[in-house]
Amino acid sequence: MFCIYCGATLPPDAEKCTICGNLVVLSEPVKDEPAATEPVAPAPEESVLEEPVLQEPEDLDSGEQIPDMPGDLDSGAPEARGLPEDIYSGEQLSADAAVPGYDDGYVYEEELPPRRKRSFKWLLIVVPIVLAVAGTVIGILSWYNAPMQKFTRALDAYDYSAVTQMLPRLSDAERASLYTKMEKYAETVYDRYNRGEAEYGDSYELLDRLQRLFPDAKVNGAADRIAALKVSKDAFREGQKLEQQGDIAGAIGRYGEVIREDTNYDAAQKQIEAIKAAYKAQVLEEAQKCADAKDFPGAKAVLENSAAILGDDADIAEKLESLGQAELDDYVENLLKTAKTLVDDNDYAGAIGLLTDATKKDPRIDKQIEAYQDEYREKRLEEAAKHAEVSDYEEAVAVLEKARELLGDDAEILAKIEEYKSLYPVRLIDLSPIGGADCASGWTATDISGNTYSSGLSFTLYPILVTSVATEYAPYGQYRLLSGTWVVESDSTDDFSATVRIYVDGSLQYEVSALTRNSQPIDLNLQIGGAQTVRIEVDGAFGSPRASGYVYLAGATFRN
């Protein structure tokens, strides 16, 4: 409750203002125009006195000064305030006493109410609150701008530049408290760069600073790791560029440099496989084109060169094997065609030699060599047999010996050579007689015409002393013919004549008489038909004791 005169605060049961001394006047609140500033406290119900309602100045709280009241208003005298004396008789009114009023129902104010005194008790409440709020704000601002908080906000915002700037401003204790967090944060920085959410320069600078400021944390090598990651990512981008340019080997090489920790690793591996698959298909197609053109070395070179990119690829290895077989087939086919051409020209030696000297080994070549050897052997044996049929065993052996140059120590050829050699013509001077005189002579005989003869048997005859000379040989049935030439040497006397007889197995088979120095040479071709012994006898006839004769069987030979 307030005093309507001075505005002082009054207790609810006060009857007089303790400040200005005026009686408390209870009034009903004005319904049409409520008080602009403070509401008037309601009067107690037991009071029957109605006080006129005084309207307070509307600008009381506007800051204007209330005019000073006359000095005698504070004296409390009723007459000083222009009120009837019977209202304030100086006695204390009871609570039940009725206050007399005027007939018109209004209370007239003759003077302005006393000046209201301002109370500053509210400051005791407001000032501490303001100070507390200000201190709180200042504390919050100080905390917000502290290096640790700025550092934390920069971390949360992934502002690597700000983090790098704030790190040196942290205290040792603050840095010590961040060791575990920095280890995790270093991984976050690495992962964000790996995912492409941060730039390399900022990330590397931050990790490098973390390594230096947190030497005991597990961030050592973080800068090197991110540097290696950058190399990996650069390799991936370079691989893409080389792939677009068609440099398959370069692209695969660069993709292969992508490390496993790189987010591009799986893509790089897939790309490598895709490129290799396309490259392999291209290589196989190119190799097949070369093979179709019979350029087998070129096809193999294409496949072998792909190993630098494809490595030990199973498909390439299989293709190389098939190309090797195709090349061998082509080589053998051409070789056999060439050999067949030589054989058609009867050049077995050339054909067999060609096959024997083949640079590639194949069972088909060996088989064809054997076939040509068999065919060549048969032809040479047939040829030798034809020579043997005419008793030309030496030529037959010569044919077979030549065949040995190609066939080597062929058992059948060697057997035939031995057989034909056994049938060779044998000179009697190379044999030892089994009876009679050894008439073998190493000299050369000359007939009356001056012709010379050699490799023969010489029969020297003299009157009385040696009028007959005989020699006997054993051909053991190996020969069919005895050949030679009878000559009377020019040294014989004119009165000498000779008779020649040849006995085969004891039977006279040949006889020539009246041989003189003037006789022409007589050829001897006696069929002995496989005789066991052959005996030759020469008898001389002399016209005088001084006569002498020299009979010579030149080229005496057993033959078939």
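E257 is partly exposed, with a relative accessible area of 39%. Here "buried" means under 20% relative accessible area, "exposed" means over 50%, and "partly exposed" is in between (1.4 Å probe, protein chains only). Keep in mind that this is a predicted model: local features need pLDDT of at least 70, side-chain atom pairs count only at pLDDT 80 or more, and totals for chains, interfaces and linings use all residues. Residues are numbered from 1 along each chain as its sequence is written, and side-chain values use heavy atoms, with hydrogens and water left out.

So who does E257 pair with? Its side chain meets that of R254 in a salt bridge, at 2.5 Å from N to O. A salt bridge is a side-chain nitrogen of Lys or Arg within 4 Å of a carboxyl oxygen of Asp or Glu. Side chains of opposite charge can pair when their charged atoms come close.

## More about R254

R254 sits in helix α8, residues 248-255. Helices (H or I, at least four residues) and strands (E, at least two) are DSSP runs, numbered from the N terminus. With 25% relative accessibility, R254 counts as partly exposed.

R254 also has a neighbour from elsewhere in the chain: G239 is 15 residues apart from R254 along the chain, and their C-alpha atoms are separated by 4.9 Å.

## Salt bridges along helices

The structure holds 29 salt bridges. One of them joins K289 and E285, at 3.9 Å from N to O. Both residues lie in helix α9 (residues 265-292), four residues apart, which is about one turn of the helix. K289 is exposed, at 55% relative accessible area, whereas E285 is partly exposed at 48%.

Now look at helix α12 (residues 314-344): K337 and E333 are four residues apart there, so about one helical turn separates them. They form a salt bridge too, with the closest N and O atoms 3.5 Å apart. E333 counts as partly exposed, at 42% relative accessibility.

Which residues of helix α10 (residues 296-305) are buried? They are F296, G298, A299, V302 and L303. They cover an arc of only 165° around the axis, so they are on the same side of α10. That arc is the one made by the directions from the helix axis to the C-beta atoms. On the other side of α10, P297 and N305 are exposed.

## A negative patch

D159, E199, D202 and E205 form a negative surface patch. Patches are made of residues with over 30% relative accessible area and no salt bridge: like charges are joined within 9 Å, and nonpolar side chains (Val, Leu, Ile, Met, Phe, Trp, Tyr) within 5 Å. In this count Lys and Arg are positive and Asp and Glu are negative, while His and the chain ends are not counted. The place of a charge is taken as NZ of Lys, CZ of Arg, CG of Asp or CD of Glu. Accessible areas come from the Shrake-Rupley method with a 1.4 Å probe, and for residues only the protein chains shown count as cover.

At 58% relative accessibility, E199 is exposed.

## Positive phi in two loops

I464 has a phi near 65°, a positive value in a residue other than glycine. Look for I464 in the loop between β5 (457-461) and β6 (468-473), where it is exposed with a relative accessible area of 78%.

D505 isn't a glycine either, yet its phi is positive at about 50°. D505 is in the loop between β8 (496-504) and β9 (507-515), and it is partly exposed at 46%.

I413 and A403 are 10 residues apart in sequence and 7.8 Å apart in space, C-alpha to C-alpha.

D494 is in the loop between β7 (481-488) and β8, and at 58% relative accessibility it is exposed. From D494 to G549 there are 55 residues in sequence and 8.8 Å in space, C-alpha to C-alpha.
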